[in-house]
Amino acid sequence: MARLCHDLVVIGSGPAGQKAALLAAKLGKRVAIVDRTDSVGGVCIHTGTVPSKAIREAVLHLTGLRERSVYGDSYSVKQSITMDDLLYRCRHVVRTEVDVIRSQMSRAGASMLFGTASFIDPETVRIQREDETTEVKATHVLVATGTNPARPSNVPFTPGIVIDSDELLTLPRLPKSMIIVGGGVIGTEYACMLAAVGVKVTLVEGRPQLLDFVDNELTESLQFRMRDMKIRLRLGESVKKIEIIEYEGKPVVEATMASNKVIDAECLLYCIGRQGATDRLNLPAAGLTADNRGRLKVNENLQTDVPHIYAAGDVIGFPALAATSMEQGRLAASHMFGQITEAQSPLFPYGIYTIPEISMVGQTEQALTAAGTPYEVGIGRYRETARGLLIADPHGLLKLLFHPQSRRLLGVHAIGTGATELVHIGQAVMAAGLPIDYFVESVFNYPTLAECYKLAAMDGINRVRTLGMHDEPGVAKAA
Ligand SMILES: Cc1cc2nc3c(=O)[nH]c(=O)nc-3n(C[C@H](O)[C@H](O)[C@H](O)COP(=O)(O)OP(=O)(O)OC[C@H]3O[C@@H](n4cnc5c(N)ncnc54)[C@H](O)[C@@H]3O)c2cc1C
Ligand SMILES: NC(=O)c1ccc[n+]([C@@H]2O[C@H](COP(=O)([O-])OP(=O)(O)OC[C@H]3O[C@@H](n4cnc5c(N)ncnc54)[C@H](O)[C@@H]3O)[C@@H](O)[C@H]2O)c1
């Protein structure tokens, strides 16, 4: 058995683990990063963010969907699209990303170990790979093990028929019809991609609308667009029973709603949330316990109840995004090795890769209303900009929420092509605490979608003028 000694052992090589390992290694610390799969990258690269976004790009390209408002509804780059067509792009991107991460780790001098990690005691981690055991003693440990799809025991998971989002990537062929249970981010994104390639999708969501954390106006717009893509939305419905039956010699999934409606399809994707991947860690040996969803509790420095053991990324829960996980990994390593750190900025964006994509930063209308904060709205439509016409996205929209007196930006919401990029301009203005006058007074490239910020700001300023509210640039700038 091999025995090693390190300053930091990182368990999990997803975004949180990578950024922590890289920073610590660059600070001259002896670092090992462990993963139970035989590759680096985590859920982000292998089963989550990157594969789903690579499939989305393939869908948009091969269906020609982006071009249809110009060339007509029958336009497509490839007539019959297969699962292999979608995965081709995915394999290429994943291979390249893994190579980049491996190269970064080895250049920084972090060692990569493969096998399942578990605690022997608070300072020692065992790594088991088949018959091979390695023990690593470390002064600091970072748990960055991420999550796995939740798989309740009453759901009859069966390869190719009743599946989770990991298994979707292993389907040999695209089904003709699919029931998706769970209208969270995973369910809604995959519903759009699959419907775009012709799968008959029924999306079942227990709440009265999809993505309840998104601004209601954008959700309504998305739901309209999804229905237009022939997705059947079953909102406010929950599934009480899932059965696999045989019909004309073939397996069919039958889902019974709590309302007693029955729907069937060739395949069912179950995505009602994820579970922290802490079950293999032998947490009691480290003096730790996870909550009922497998998550670890941390303080503002990302330390668990055992101060030299930190946790970061999806395993600590909200917001559970790739970018926030990276930042938590960096902050954890900074804190453990005495670098000056600031608390994680509460101002992070969401990017939801539905078709069309949605992005947001800051407050929604519903949150501001609930908090009793006054606000006004300014809207800029893609179709009113030259770039919006060039890219043929007439439905795209940028919405600014701002304080009516100070005109300080409170929230930015975008739906349409490039929304996930566009939002960052608003994020920077919010972080700087500037009023929306900034957009009117700045010069942006032409033709770009950034022009929507100007249109939205002018629309918003006109509204407060009409209402007779303060319109003194001095007041706005000082706020
Ligand atoms: C389908 C899907 C789509 C997504 N799309 C997006 C998106 O578009 N944008 C976005 O921001 N986020 C997205 N996410 C979320 C994003 O992937 C996660 O937020 C991110 O991967 C979390 O990173 P992490 O560092 O916590 O760990 P993860 O990426 O979850 O990686 C954890 C790693 O730890 C390893 N591990 C677990 N237990 C052990 C153990 N005992 N020993 C050794 N290794 C272990 C696992 O093998 C895994 O490799 C998506 C997720 C899914 C599932
Ligand atoms: N673009 C992105 O940022 C992105 C993309 C995909 C995934 N993710 C991450 O992946 C994680 C998991 O996503 P998810 O979509 O599985 O979970 P989720 O928790 O986001 O959504 C689950 C949904 O299922 C619904 N639901 C629960 N039980 C139900 C039932 N019995 N019947 C019908 N509906 C039911 C819930 O109301 C909820 O809307 C999230 O943390 C998310 O941040 C992020």
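1. **Ala320 and ligand 1.** In this predicted model, a backbone N or O atom of Ala320 lies 3.3 Å from an oxygen atom of ligand 1. That is a polar contact (a pair of N or O atoms within 3.5 Å; within protein, one must be able to donate a hydrogen and the other to accept it, and residues adjacent in sequence count only if both atoms are side-chain atoms). An oxygen atom of ligand 1 is 3.4 Å from a polar backbone atom of Leu321. For Pro15, a backbone N or O atom lies 3.2 Å from an oxygen atom of ligand 1.

2. **How covered is ligand 1?** Taken alone, ligand 1 exposes 1000 Å². The protein buries 92% of that. Accessible areas come from the Shrake-Rupley method with a 1.4 Å probe; for residues, only the protein chains shown count as cover.

3. **The shell around ligand 1.** There are 36 residues around ligand 1. Ala16, Asp35, Thr49, Lys53 and Asp314 come nearest. A residue is near a molecule or strand if one of its heavy atoms lies within 4 Å of it. The shell divides into 14 nonpolar, 16 polar and 6 charged residues. Here Ala, Val, Leu, Ile, Met, Phe, Trp, Tyr, Cys and Pro count as nonpolar, Asp, Glu, Lys and Arg as charged, and the others, Gly among them, as polar. Elements that give two or more residues include helix H1 (15-26), helix H3 (49-63) and strand S4 (116-121). Helices (H or I, at least four residues) and strands (E, at least two) are DSSP runs, numbered from the N terminus.

4. **How to read the numbers.** Residues are numbered from 1 along each chain as its sequence is written, and chains are lettered from A and ligands numbered from 1 in the order in which they are written. This is a predicted model, where local features need pLDDT of at least 70, side-chain atom pairs count only at pLDDT 80 or more, and totals for chains, interfaces and linings use all residues; side-chain values use heavy atoms, with hydrogens and water left out.

5. **Ligand 2.** Which residues come nearest to ligand 2? Of the 25 around it, they are Ile186, Glu189, Glu205, Ala320 and Gly351. A polar side-chain atom of Glu189 lies 2.8 Å from a nitrogen atom of ligand 2. Backbones take part too. A polar backbone atom of Val185 is 3.3 Å from an oxygen atom of ligand 2. For Gly273, a backbone N or O atom lies 3.2 Å from an oxygen atom of ligand 2. On its own, ligand 2 has 860 Å² of accessible area, and the protein covers 75% of it.

6. **The shell around ligand 2.** Helix H7 (185-196), strand S10 (200-205) and strand S18 (350-352) each supply at least two residues. The largest share, 3 residues, comes from H7. By type, the shell divides into 12 nonpolar, 7 polar and 6 charged residues.

7. **A hairpin.** S4 and strand S5 (residues 124-129) pair in the antiparallel sense over 5 bridges. Two strands pair if DSSP finds at least two bridges between them. A hairpin joins S4 to S5 through 2 residues. Asp121 stands opposite Thr124 in S5.

8. **Aromatic rings.** The count comes to 7 aromatic pairs. Rings of Phe, Tyr and Trp (its six-membered ring) pair if their centres lie within 6.5 Å; planes under 30 degrees apart count as stacked, over 60 as edge-to-face and the rest as tilted. Why is the pair of Tyr71 and Tyr75 tilted? Because the planes of the two rings are at 35 degrees, with the centres 5.3 Å apart. Tyr71 is exposed at 55% relative accessibility. Tyr75 is partly exposed, at 30%. Buried means under 20% relative accessible area, exposed over 50%, partly exposed in between (1.4 Å probe, protein chains only). Elsewhere, Phe213, Phe318, Phe348 and Tyr350 form one aromatic cluster.

9. Asp164 lies in the loop between strand S8 (162-163) and helix H6 (165-168). Asp164 is buried, with a relative accessible area of 4%. The side chain of Asp164 reaches the backbone nitrogen of Asp166 at 3.0 Å. Gln223 is found in helix H8 (residues 216-228) and is buried at 9%. A polar atom of the Gln223 side chain lies 2.9 Å from the backbone nitrogen of Leu210.
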